[in-house]
Amino acid sequence: MTSTAAELLEVLWGRASTAPASASQLRVLLILEHHEGINLRTLADSLASTPPSTSRLCDRLQAAGFVERVVSPVDRRELRLRLSSRGRAFLADLRVRREEALRAVLDQMPAAKRVALLQGLEAFCDAAAAQIHDDSDDSRASGSRTA
């Protein structure tokens, strides 16, 4: 059931998306939204990727106007990454379209089932966030990276 629900959610979100960004690029945008001004290495660590691969992702996002690279005020050799206004607008629009697609499905469900789903999703989010945090700590401790 979990796999089916995840696949259906992907289909719904895919229908709601007019995304000019790949799934990997979307991950970058979401990370930058929450960690404004991080450097490339920190972003690569967050993605469990290598700096060259991450740099290429950012090149494409910058070319699309979603990401800006700015010189660090502390060290001129370091570049900081941040979302552009176009990147922020893209994420806001994507969220609205995704919510509309989900709301159409949720509106077909009985109220009691929606409440149960909400409670289950809250527990899922708490558990997933804890696991992601633990995995991130483990990855930093081992120093491992993947392409």
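Student: Two strands pair if DSSP finds at least two bridges between them. Which strand does E1 join here?

Tutor: Strand E1 (residues 38-39) is joined to strand E3 (residues 79-83) by 2 bridges, and the two run antiparallel. Strands (E, at least two residues) and helices (H or I, at least four) are DSSP runs, numbered from the N terminus. This is a predicted model: local features need pLDDT of at least 70 and side-chain atom pairs pLDDT 80 or more, while totals for chains, interfaces and linings use all residues. Residues are numbered from 1 along each chain as its sequence is written, and side-chain values use heavy atoms, without hydrogens or water.

Student: What is the bridge partner of Ile-38 in E3?

Tutor: Leu-81.

Student: And how many bridges join E2 to E3?

Tutor: There are 5, between E2 (residues 67-71) and E3, again antiparallel. In that pairing, Glu-68 sits opposite Arg-82 of E3.

Student: What links the side chains of Arg-82 and Glu-68?

Tutor: A salt bridge, with the closest N and O atoms 2.9 Å apart. The term means a side-chain nitrogen of Lys or Arg within 4 Å of a carboxyl oxygen of Asp or Glu. Arg-82 is in strand E3 and Glu-68 in strand E2, so the pair ties together parts 14 residues apart in sequence.

Student: Buried or exposed, or in between, for Arg-82?

Tutor: Arg-82 is partly exposed, at 33% relative accessible area. Glu-68 is partly exposed too, at 31%. The cut-offs: buried is under 20%, exposed is over 50%, partly exposed is in between (1.4 Å probe, protein chains only).

Student: How many salt bridges in total?

Tutor: The count is 8. Among them is Arg-97 with Asp-93, closest N and O atoms 2.8 Å apart. Both lie in helix H5 (residues 85-106), 4 residues apart, about one turn of the helix. Arg-97 is buried at 15%, while Asp-93 is partly exposed at 38%.

Student: Switching to Asn-39. Where does it lie?

Tutor: Asn-39 lies in strand E1. It counts as buried, at 14% relative accessibility.

Student: Which side chain does the Asn-39 side chain have a polar contact with?

Tutor: That of Thr-42, at 2.7 Å. A polar contact is a pair of N or O atoms within 3.5 Å; within protein, one must be able to donate a hydrogen and the other to accept it, and residues adjacent in sequence count only if both atoms are side-chain atoms. The Asn-39 side chain also reaches the backbone nitrogen of Arg-41 at 3.3 Å.

Student: Which residues does Asn-39 contact beyond four places in sequence?

Tutor: Glu-78, Leu-79, Arg-80 and Leu-81. Contact means heavy atoms within 4.5 Å.
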